[in-house]
Amino acid sequence: MNLDDYVKLYNEAVFDTNRDRALKVVHDAMEQGVSPEDVVFQIVLPAMDLMVDAISKNFDANLAQHFMTARIADMVTAEVVPKFKKMPKVVGRVVIGTAMGDFHTLGKRIVIGCLKARMIDAIDLGVNVPAERFVDEAVAHEAAIIGISALMVHTATGENGCRKVRQILRERQLQDKIKIVVGGAAFRFHPQMFKTVGADTWAADAVTAGKVIENLLQEAQP
Ligand code: B12
């Protein structure tokens, strides 16, 4: 079998939400000489892209499929990346959590899977995160980006969410050092809303989040 065969088998497995089969495909591929780098960049990340297209453009995938694709990507990259010939440089660090008052977790978890697959160190702050904690944790972990997930209009636009994080960054004169990226259903329903709540940018889905955050991190580097 060649790389294309493994790509096909892996895509089938994640679309079937079959974690064990997906992991077996990866293990078989590596036993047959596919490099760990090709596993991540030719198999796992393109499968995430396919899934996002399936869910957002063609509407022929569901939430469970999306979720499992990201979870499997997270597992595979955790196992395979340490086997890279040259350890890829971590692109940067992000702290990410769900806004105060918001307990929705799925979107954030998927985003974290995608970030890790892109060698971005993502620290999960959990749900219902107070604004001060976003900033304190970003400073403590020297993260260049705060990611805020908000699924409800009031947690996206309310005084205890992104607006307050922005205010604290301003008060502590951290605006140039730490950027804010937002996402979640509330922002998907109103794509310009990130500006009114004081975020630097936003992303509509986890794959785009990975790309947007990677670009921001690269810009932030001296
Ligand atoms: C599943 C769900 C729940 C589950 C949550 C389970 C869990 N563990 O997460 C349960 C049942 C618990 C729940 C509870 C509630 N929910 Co609810 N829920 C949903 C639902 C159906 C799907 C959300 C979801 O997981 N989507 C799938 C993920 C993958 O998508 P996503 O979150 O958008 O994330 C993607 C992107 O947005 C982006 N992204 C996400 N986060 C981030 C962060 C960053 C930094 C970036 C860059 C990108 C990014 O990437 C993700 C992956 O591609 C939505 C409807 C909807 N259309 O979104 C309602 C919805 C969000 N819920 C809603 C409401 C009202 C509630 C409740 C108040 C209901 C109630 N009366 O109790 C409670 C609130 C609880 C609370 N305080 O948080 C409303 C909000 C309405 C509004 N206008 O504000 C919605 C929109 C449903 C509706 N149409 O009314 N909910």
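This is a predicted model: local features need pLDDT of at least 70, side-chain atom pairs count only at pLDDT 80 or more; totals for chains, interfaces and linings use all residues.
Good morning. By the salt-bridge rule, the count for this structure comes to 13 salt bridges. One of these pairs links distant parts of the chain: D49 lies in helix α3, K211 lies in helix α11, which spans residues 206-220, and the two are 162 residues apart.

The domain assignment divides the chain into domain 1, residues 3-83, and domain 2, residues 92-220. Their centres, taken over C-alpha atoms, are separated by 26 Å. To the contact, domain 1 contributes 13 residues and domain 2 contributes 11.

How much area is buried between domain 1 and domain 2? The value is about 1,200 Å², and carbon and sulfur atoms give 79% of that area.

Side chains of opposite charge can pair when their charged atoms come close. Between domain 1 and domain 2, the count is one salt bridge. In the salt bridge of D49 with K211, the closest N and O atoms are 3.8 Å apart.

Which helices supply the side of domain 1 that touches domain 2? Both α3, residues 36-56, and α4, residues 63-80, supply at least two residues each. The most comes from α4, which gives seven residues to that side.

Finally, the ligand. Which residue is the protein donor of its cobalt atom? H104 is the only one, and its NE2 atom is at 2.3 Å from the cobalt. H104 is found in the loop between β1, residues 92-99, and α5, residues 106-117.

Thank you for your attention.

Notes:
Residues are numbered from 1 along each chain as its sequence is written. Side-chain values use heavy atoms; hydrogens and water are left out. Donors are N, O and S atoms within 2.8 Å of the metal (3.2 Å for Na, K and Ca); water is not among the atoms, so sites may look incomplete. Helices (H or I, at least four residues) and strands (E, at least two) are DSSP runs, numbered from the N terminus. Domain bounds come from an automatic or database domain assignment. Contact means heavy atoms within 4.5 Å. Buried area is the accessible area (1.4 Å probe) that two parts lose on being put together, summed over both. A salt bridge is a side-chain nitrogen of Lys or Arg within 4 Å of a carboxyl oxygen of Asp or Glu.
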